[in-house]
Amino acid sequence: DETPPIYSGANIFYGKIPQPTKIDYLRDHPIFDEGSVVNGPGTGELIAFHVGAGKKKTFIWANTYSSPNPPPKREEWNQGNLKELEDILLNYPDSHPIRDFAQLTGKDDLLHFGLFYRHHKKTWSHDRVVLLGDSCHATLPYIGQGANQAIEDAIYLADCLDRHNTHTEAYQDYYDKRFPRTKRIVQMAGWMHKMYHSESWFMHKALDVLISSAMKGGLVVKQFEREIIEECPVHPDNVLPPTAK
């Protein structure tokens, strides 16, 4: 299947700031502390968080924005287009933290690339070859589940191969179990993409309600937890044999 990936109509700037504990602004910030993940609307979505420890501790920030075209291929995954970043920053007030993030990010620590997805493939295997992860259900990043779903695929596929006598039976079991869950995840990410980038006043209000409910641990969080955690097919009680628990 050589169907090309589908451009979502959005790009992302992805920056990293090494050793944030040495930077007064980040070390003492009341919101962007070491234990926080801050996620909210920007020109699209803005997310910021800390990763690593010791000398490898790094502050990560990312911002998505609508665009009719992805960055030219010569720029994708390379040094970010600083001019376009400057244009994006014009959408934010002078006091917004993204301006400080951009200023603290070195030119070699800024990525700039388009966001693409694929429709779910109807066939995940052929003969002894089987797909997993983005190769069969590429998703947008708005709910942070791309890598997680690939890990779930790998664990459940290994379990299927262990339980079935033939790879054909194992692959079919794997597909039957993983297709509906991964499709729901991809759809959830697609809905969030539309809400973050919509120009509709109604969608902006809906997003405000959604984020507010999430911050308060309301129904939105409960539904998300049920889908992402409770219905995870690779929970130890569902997959691992008793001796491995």
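Which residues does His120 touch, not counting residues up to four places away in sequence? The legends below take this up, in a predicted model.

**View 1. The surroundings of His120.** Leaving aside residues up to four places away in sequence, His120 touches Cys136, His137, Phe179, Thr182, Lys183 and Val186. His120 itself sits in the loop that links β5 (110-117) to β6 (125-126). With a relative accessible area of 15%, His120 counts as buried, because the cut-off for that class is under 20%.

**View 2. Polar partners of the His120 side chain.** Here we zoom in on two atom pairs. The side chain of His120 makes a polar contact with the side chain of Thr182, at 2.9 Å. A polar atom of the His120 side chain also lies 3.1 Å from the backbone nitrogen of Lys183.

**View 3. Helix α5 against helix α6.** Helix α5 spans residues 146-163 and helix α6 residues 167-197; the two pack at an angle of about 155 degrees, and their axes are 8 Å apart. The angle is over 145 degrees, so α5 runs roughly antiparallel to α6. The crossing of α5 past α6 is right-handed.

**View 4. Residues where α5 meets α6.** On the α5 side, the contact involves Gln149, Glu152, Asp153, Tyr156, Leu157, Cys160, Leu161 and Arg163. Their counterparts in α6 are His167, Ala170, Tyr171, Asp173, Tyr174, Lys177, Arg178, Arg181, Thr182 and Ile185. Sorted by class, the contact of α5 with α6 has eight nonpolar, three polar and seven charged residues.

Methods: Residues numbered from 1 in each chain as written. Predicted model: local features only at pLDDT ≥ 70, side-chain atom pairs only at ≥ 80, totals over all residues. Heavy atoms only, no water. Helix = DSSP H or I, 4+ residues; strand = E, 2+ residues; numbered from the N terminus. Buried < 20%, exposed > 50% of the residue type's maximum accessible area, 1.4 Å probe, protein only. Polar contact = N/O pair within 3.5 Å; in protein donor to acceptor, adjacent residues only side chain to side chain. Contact = heavy atoms within 4.5 Å. Axes fitted to C-alpha atoms, helices over the stretch in contact; angles between N-to-C directions. Parallel < 35°, antiparallel > 145°, perpendicular 65-115°, else oblique. Left-handed = near helix turned anticlockwise from the far one by under 90°. Nonpolar A, V, L, I, M, F, W, Y, C, P; charged D, E, K, R; others polar.
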